[in-house]
Amino acid sequence: MAFVLVVAACSGTPATTNTEIPAWLETMVGSASEFQKEILSDGEVTIVELEKAALATVQCLEENGVVVSDFSFDSENAEWGMSIVLGVEVPDDAEMNSLDAIQAECEGEFLIVVWNVFGFQNQPTPEELSLELARTAQCLREKGFEVPEGATREVMQNLAGSSRRAYGECRQLAQEQGS
């Protein structure tokens with residue numbers, strides 16, 4: 001039996017383009033790796049470029065000894081996920097710290113700036129976000145969760161707890177209803 005760590009990421013779906021980049025993002029862009037600067041050179045991050053960055057990150061992980069399986073990229077929702085095979089025994093703290101360091105290094109080199117720019121460029125308007133949150137909350141309520149009015153994404157994720165799949169399904173449904 002192998003222990004597996006599941007990693008997932010979500011950037012959001014294209015909704016609106018905001019061209020006024022905040023200072024924190026400008027700082028990130030300024031410190032981007034050459035790989036990421038090439039993607040950012042035209043001032044826009046496309047779904048294809050986001051996938052390219054995610055795939056480069058997976059390749060980096062594998063080149064550093066991390067066994068990755070079940071990588072998937074959903075170009076409709078700009079989401080991806082993968083499983084990291086850890087071995088037959090539960091890893092100790094030192095092994096987990098090593099894995100975290102490898103992941104941080106690979107994401108820093110190939111993904112994090114691209115991901116943040118894509119997320120910023122495709123953030124929903126306040127109205128779209130409000131509608132999406134309301135639809136997500138309603139879906140979770142229909143699945144038996146007690147979601148308070150005005151709940152944020154983080155609150156709903158925490159309420160779903162180990163039922164992350166239920167939250168993901170509801171959020172995807174809410175986004176699709178908005179399209």
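Reader: What pattern does the chain follow, read along the sequence?

Author: This is a predicted model, and its chain has eight helices and three strands. Reading along the sequence, you get the pattern β-α-α-α-β-β-α-α-α-α-α.

Reader: Which residues touch the most other members of the largest nonpolar core?

Author: That core has 19 residues. The elements giving it two or more residues are α1 (23–30), α2 (34–40), α3 (47–63) and α5 (112–121). Touching the most other members are V45 and L50.

Reader: What does V45 touch, if I skip residues up to four places away in sequence?

Author: With those neighbours left out, you can look for V45's partners elsewhere in the chain. They are I39, L40, L50, V114, V117, F118, Q121 and N122.

Reader: Now the disulfides: how is the pairing written when the bonded cysteines are numbered in sequence order?

Author: The structure holds two disulfides. One joins C60 to C106, and another joins C139 to C170. Numbered in sequence order, the pairing is 1-2, 3-4.

Reader: How many residues apart are C60 and C106?

Author: Their sulfurs sit 2.1 Å from each other, and both cysteines are buried. The link is left-handed, with -75° about the S-S bond. C60 is in helix α3 and C106 in helix α4 (residues 93–110), so the pair links distant parts of the chain, with a separation of 46 residues.

Reader: Which helices hold C139 and C170?

Author: This disulfide has an S to S distance of 2.2 Å and is left-handed, with -65° about the S-S bond. It ties together parts that are 31 residues apart in sequence, because C139 and C170 lie in separate helices, α6 (residues 126–142) and α8 (residues 164–178).

Reader: Are E132 and R171 buried or exposed?

Author: These two form a salt bridge, with the closest N and O atoms 3.2 Å apart. E132 lies in helix α6 and R171 in helix α8, so the bridge ties together parts that are 39 residues apart in sequence. E132 and R171 are also in a network of salt bridges with R153. As for cover, both are buried.

Reader: What about E38, buried or exposed?

Author: E38 meets K52 in a salt bridge at 4.0 Å, N to O. E38 is in helix α2 and K52 in helix α3, so the pair ties together parts 14 residues apart in sequence. K52 is partly exposed at 39% relative accessible area. E38 has 54%, and the cut-off is over 50%, so E38 counts as exposed.

Reader: Where does K143 sit, the one that meets E169 in a salt bridge?

Author: The K143 and E169 side chains meet at 3.5 Å, N to O. K143 is partly exposed, with a relative accessible area of 42%, and E169 is partly exposed at 41%. E169 is in helix α8, 26 residues away, while K143 is in the loop between α6 and α7 (153–160).

Technical notes: Residues numbered from 1 in each chain as written. Predicted model: local features only at pLDDT ≥ 70, side-chain atom pairs only at ≥ 80, totals over all residues. Heavy atoms only, no water. Core = buried A, V, L, I, M, F, W, Y, C linked by side-chain atoms within 4.5 Å. Buried < 20%, exposed > 50% of the residue type's maximum accessible area, 1.4 Å probe, protein only. Helix = DSSP H or I, 4+ residues; strand = E, 2+ residues; numbered from the N terminus. Contact = heavy atoms within 4.5 Å. Disulfide = S-S within 2.5 Å.
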